[in-house]
Amino acid sequence: MNRRTILYLLTLSAGTAFCQSLSNASLNGRYFFRHLMILGNAAGGVSEMRTAYGTITFNGSGGYSVAGSQIVGAGAPAAFNANGTYTVKATGYVALANPQRAGVEINAGLGQGGLVGASTEGAGGVYDLFAAVQAPAGGQSNASLNGAYLVSALEFPNGSAAQMRNAWFRMAASGAGSAGNLTVSGKSANTGDRVANSTVTAAAYTVSADGSGSLTLPGSGLLNGTRSLWVSADGNLVLFGSTSGGGHDLWVGSKVFAGATSATSFSNLHFRAGLRFEANKAGCYAGSSNSTGSGKLVSSLRVRQPEGVLDLTGANSYSLAPDSLGTLELGRLALGFASNSFHTNGVSTVDSNNYELSFGIRAAAPSGTGIFVSPQGVLNAGSFAPVGAPLSPGGFFTLFGSGLAGATTVAERLPFPTTLGGVQVLVNNTPAPLYFTAPTQISALVPFAASGSSASIVIVNGAQRSSPIEVPLARTSPGIFTVPPAGTGPAALLHADFTLVSAASPARRGETILLFLTGLGAVTPPVPDGAAASGAPLSNVNAEVKVYVGGRLATVVFKGLAPNLAGLYQINFTVPASAPTGSALPLAIETPDAFHDMADIAVAN
């Protein structure tokens, strides 16, 4: 394979599912919510904890009102009422004013029957998890909880990380108030983070007419006492939490998948958010995760840490047993009914100091007529990371939709034209260079002059224009091309003789090889949009770039635009002598803005 062949990877893609575009009107009515929030110090430790819960009512036009209670530190619950604003984007992402912290924005996602998010935007020092489920209209009873549920829990008793707990359990709701006998698997910080099981006998629950209620766990095990509960309108999701003084916790429950599960049962795009506390440091994240049932969960997450905010694109292995329970890397994974939800926790098969809870809700799939660009289908052309991953100046991106072009056309010469097959793509009103246009897919380059935190994408096909789609924009957004083109699997890597690195022809420790990717941003000297990069002088990437092979830092020899090609970045790096060997080691890229870990590399001695 030569370098020019790499460009043709852009013409291929994995399929993507396309409902009507979302708006503020899509979020309307009463939801039950619970919001667990850490106010952190400079090192990410806990300065104060706040938990709010109750009902949040959205008016369908960008405003909400909260009626509930709030717990601060070790204090008792107090009445809590708040008003705020929200904006539902066409993608399904929601910018939600944090009800407990002015000037902070919760980065949320609107899914089927629920809303999940975390405060990744605005002032720092806030680490949280916001979960809301659509409240029923009334007429609920104990029969509203009926069947098997998996529950994940994260607790900070009295607002203290020294006593934090992480656990999961399976609950058999009888429909008449019995939750059965429970086996709780979990750990706590004050018992050395050791995973252990405890038994709860004769757990019981009540559900009132409005869908709220309580769950009582007798005994003195890891999880015990009474928690309030809030059941979703369809009965498939349940939120739990303490309403006692110092009761900072969030439990998420989901009705299990109907029938036996396997890796193939986990499918669809989900909006996801999570809160974690590891090594005395808090963090939170929000974004999307997509599974095609292949045993890999691909995610685009906006991550807040004490060091700052970055964009993470990654692929994590998962497994599922027939009972809806499985693993996601080292944590536990619970798959909800019809794969409409999932949640994870930090209870591993080995002891660890990672305490974590994440919650994902299936996203609606947009569709439309005319020239329609899927709001969830504007993607990095190398990684195909799901919606939420940013684009960057100079980077290749792919658009999916319908009615985008009249026929399939490929650019035959350089520089790439800004009109191809009678089609234009405008990025912040600037025509983008086009490599490929077809009725359902377009591959284009972000103009190098694009700036700001977002970009507006519009397709012009003759006299018709698509509705604008807003996507995040960052200085860098690395995406490694893979062979075959899917975003995951073997990276597009060449030996020095331009033959393909593969399991049959692996890279060697100490060998310098060539990696092809997109999304590394501005270069020096600059290159006109869509034009071939020069071989003398080379155009070098301005940003710092690090490469990791199997977790080991490699030596970067060159980072820049591939000579004599347009829009393709190249990194020449030397495989570390200490790199592990194997046919599919993780190959990761780090920049000041992002961490990308989706592709693999084969390495031998």
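First, the ground rules. This is a predicted model, where local features need pLDDT of at least 70, side-chain atom pairs count only at pLDDT 80 or more, and totals for chains, interfaces and linings use all residues. Residues are numbered from 1 along each chain as its sequence is written, and side-chain values use heavy atoms, with hydrogens and water left out.

Let's start with the barrel. Eight strands form a closed barrel in the order 9-10-11-12-13-14-15-16, with antiparallel pairing. Strands here are DSSP runs of E, at least two residues long, numbered from the N terminus. Two strands pair if DSSP finds at least two bridges between them. On average, neighbouring strands of this sheet are turned by 25 degrees against each other, direction ignored. The axes behind that angle are lines fitted to C-alpha atoms, and angles run from 0 to 180 degrees between N-to-C directions.

Take one pair from it. Strand 14 and strand 15 (residues 237-241) pair in the antiparallel sense over four bridges. Serine 228 has glycine 241 in strand 15 as its bridge partner.

Now the cores. A nonpolar core is a set of buried Ala, Val, Leu, Ile, Met, Phe, Trp, Tyr and Cys residues joined through side-chain atoms within 4.5 Å. Buried means under 20% relative accessible area, exposed over 50%, and partly exposed in between, using a 1.4 Å probe and protein chains only.

How many residues does the largest nonpolar core have? It has 41. Val378, Phe397, Val425 and Ile459 have the most contacts inside it. Several strands each supply at least two residues of this core, among them strand 25 (372-380), strand 32 (454-461) and strand 39 (512-518).

Look at valine 378. Its contacts, meaning heavy atoms within 4.5 Å, include Leu391, Phe397, Ile457, Ile469 and Val471, once neighbours within four places in sequence are set aside. There is also a second, separate core of 37 residues, which includes Leu250, Phe271, Cys284 and Ala286.

On to charge. Side chains of opposite charge can pair when their charged atoms come close. A salt bridge here is a side-chain nitrogen of Lys or Arg within 4 Å of a carboxyl oxygen of Asp or Glu. By this rule the model has twelve salt bridges.

Here is one of them. Arginine 302 and glutamate 121 meet through their side chains at 2.9 Å, N to O. This pair links distant parts of the chain: arginine 302 sits in strand 19 (residues 296-305), glutamate 121 in strand 7 (residues 114-122), 181 residues apart. Arginine 302 is partly exposed at 25% relative accessible area. Glutamate 121 is partly exposed too, at 22%.

Next, aspartate 249 and arginine 227. Their salt bridge is 3.1 Å, N to O. Aspartate 249 lies in strand 16 (residues 247-255) and arginine 227 in strand 14 (residues 225-231), so the pair ties together parts 22 residues apart in sequence. Are these two residues buried or exposed? Aspartate 249 is buried, at 2%. Arginine 227 is buried as well, at 7%.

Arginine 276 is partly exposed at 30%, and glutamate 278 is partly exposed at 29%. Elsewhere, salt bridges that share partners join Arg34, Glu155, Arg165, Arg227 and Asp249 into one network.

Arginine 276 brings us to asparagine 354. Asparagine 354 lies in strand 24 (residues 354-362) and counts as buried, at 11% relative accessibility. Its side chain makes a polar contact of 3.2 Å with the side chain of arginine 276. Another, of 3.0 Å, joins it to the side chain of glutamate 356. A polar contact is a pair of N or O atoms within 3.5 Å; within protein, one must be able to donate a hydrogen and the other to accept it, and residues adjacent in sequence count only if both atoms are side-chain atoms.

Last stop: strand 20 (residues 308-320), where leucine 310 is found. Leucine 310 is partly exposed, at 22%. Aspartate 311 lies in strand 20 as well, and is buried at 11%. Leucine 310 touches Asp593, Ala594 and Phe595, among others. Aspartate 311 has a list that also includes Asp593, Ala594 and Phe595.
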